[in-house]
Amino acid sequence: MPGRYAEEQELIAIGRAMGRAGRGTFGMLSDFEDEAAEFRWMGEVARESGRPLWFLLTDRSYDPERWRRLMQGVRAARREGLAMTAQVAGRPVGLILGLTTSLNPFALREAFHELAHLPAAEQLARLRDPAMRRTILAEEASPRLLEVLPPLSRQIATRWDRMYLLGDPPDYEPPPERSIAAMAERAGVTPAEFCYDYLAGGDGGRMLFFPVTNYVHGDHGVVREMITDPHTVLGLSDGGAHCGVICDSSLCSFMLTHWVRDRQRGERLPLEFVVKRQTSETADFFGFHDRGRLAPGKKADVNVIDFEALRLHHPEMIYDLPAGGRRLVQRVDGYDMTLVSGTPTFERGQDTGARPGRLVRAGG
């Protein structure tokens with residue numbers, strides 16, 4: 001797949017080939033370091049291909065108006081007749097942090113790092129030892145670990161004001177008073193002490209939420225603007241690339257629970273709008289015209305939902321990938337039945353064993 005070092009002409013050539021094929025969508029991620037230059041080649045791809053083009057849109061803490069400028073670029077392309085769209089997430093793009101996740105507020109401290117690969121029960125027991133607690137809390141970030149761990153680790157190790165208790169049910173729009181910094185101040189301890197004791201408490205499965213983007217103002221106001229913009233398409237997942245620290249699989253359920261029913265810190269969204277966003281609009285955008293609606297002749301992929309019973313659970317870590325690899329999963333209550341091509345594949349959360357699905361290919 002063309003990546004970081006792909007030249008503009010290579011990307012335009014791919015768009016030209018898509019135009020000859022007459023199908024597909026062109027999706028991409030960019031840092032938009034040169035916004036004008038990016039929109040020039042994206043516009044050329046959209047023009048050469050005649051196909052929908054979309055890019056990931058988020059806000060940035062150091063440039064809160066960036067996303068608005070990028071949407072202006074989308075609207076300018078639309079005025080030229082180009083099918084350009086921004087893809088947006090329904091909540092902050094954030095990391096899940098805990099003792100078992102890939103990243104951790106204490107991962108840059110040597111004493112903690114030495115325990116990171118122990119079995120969970122043994123690690124938890126060592127962390128609860130008062131001497132080990134004192135050792136880890138007395139340490140600073142290790143220069144050696146700063147070189148080998150992701151750059152984001154430094155922020156995670158210091159930005160206690162941007163780190164929140166996730167809770168159960170999880171809260172993805174936490175107020176400032178639920179930050180580690182605020183809760184530590186009320187408890188009369190340092191943020192590191194509060195965080196350490198919280199994570200080492202319970203059964204060791206407690207987790208924190210660390211919004212990376214889409215939380216500049218500490219609420220979902222900007223996210224709501226993005227969702228309701230007619231030139232955006234809803235839906236974002238990390239595709240398993242960071243499955244030990246990101247868990248976006250619950251986003252579709254979250255759209256119903258948070259945005260339609262439960263949000264307290266701002267306006268909600270109509271049920272019909274959210275359902276349409278996640279069904280027919282998405283199917284139409286990617287060219288799947290045989291699905292996305294309850295209508296005769298359409299593919300019978302259906303979720304039967306007990307709306308009032310919908311409830312997201314706290315994420316949990318399981319180890320079922322090859323070589324014992326880990327991944328975060330998040331369970332949800334309230335799905336009475338899931339049908340694929342009219343065949344029940346799940347009933348009240350239980351796998352029926354049916355596998356009627358096939359490889360999905362879009363038409364022209």
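The model is predicted, so local features need pLDDT of at least 70 and side-chain atom pairs count only at pLDDT 80 or more, while totals for chains, interfaces and linings use all residues. Residues are numbered from 1 along each chain as its sequence is written, and side-chain values use heavy atoms, with hydrogens and water left out.

**Aromatic rings**

- Rings of Phe, Tyr and Trp (its six-membered ring) are paired if their centres lie within 6.5 Å, and planes under 30 degrees apart count as stacked, over 60 as edge-to-face and the rest as tilted.
- By this rule there are 12 aromatic pairs.
- F32 and F55 make an edge-to-face pair, with 5.0 Å centre to centre and 65° between the planes.
- This pair links distant parts of the chain, 23 residues apart: F32 is in the loop between β1 and α2, and F55 is in strand β2 (residues 53-56).
- Helices (H or I, at least four residues) and strands (E, at least two) are DSSP runs, numbered from the N terminus.
- F106 and Y196 are also edge-to-face, because their ring centres are 5.6 Å apart and their planes stand at 75°.
- F106 sits in the loop between β4 and α4 (110-115) and Y196 in helix α10, so the pair ties together parts 90 residues apart in sequence.
- F106 is buried at 1% relative accessible area, and Y196 is buried at 4%; buried means under 20%, exposed over 50% and partly exposed in between (1.4 Å probe, protein chains only).

**Nonpolar cores**

- A nonpolar core is a set of buried Ala, Val, Leu, Ile, Met, Phe, Trp, Tyr and Cys residues joined through side-chain atoms within 4.5 Å.
- In the largest core, of 47 residues, F26, M42, F55, L57 and M84 touch the most other members.
- Helix α12 (residues 251-262) gives this core its largest share, 6 residues.
- Another core lies apart from it, with 31 residues, among them L124, L165, C195 and I246.
- F55 has a relative accessible area of 0% and is buried.
- Leaving out residues up to four places away in sequence, M84 touches F39, M42, G43, L53, F55, V74, A77 and R78, where contact means heavy atoms within 4.5 Å.

- Buried residues of helix α10 (residues 191-199) are A192, F194, C195, Y196, Y198 and L199.
- These pack against β4 (93-98), α5 (120-127), α6 (130-138), β5 (164-165), α9 (180-187) and β6 (207-213).
- L152, in helix α8 (residues 152-158), is partly exposed at 24% relative accessibility.
- Beyond its neighbours within four places in sequence, L152 contacts L95 and V212; the C-alpha atoms of L152 and V212 are 9.3 Å apart, although 60 residues separate them along the chain.

**Backbone details**

- D168 and P169 are joined by a cis peptide bond with omega about 5°, and P169 is in the loop between β5 and α9.
- F32, which is not a glycine, has a positive phi near 50°; F32 is buried at 4% relative accessible area.
- R348 also has a positive phi of about 50° without being a glycine, but R348 is exposed at 65% relative accessibility and lies in the loop between β14 (343-347) and β15 (350-351).

**Charges over rings**

- A charge sits over a ring if NZ of Lys or CZ of Arg is within 6 Å of the ring centre and within 35 degrees of the ring normal.
- R91 lies over the face of Y172 at 3.9 Å from the ring centre, and R261 over that of F307 at 5.8 Å.
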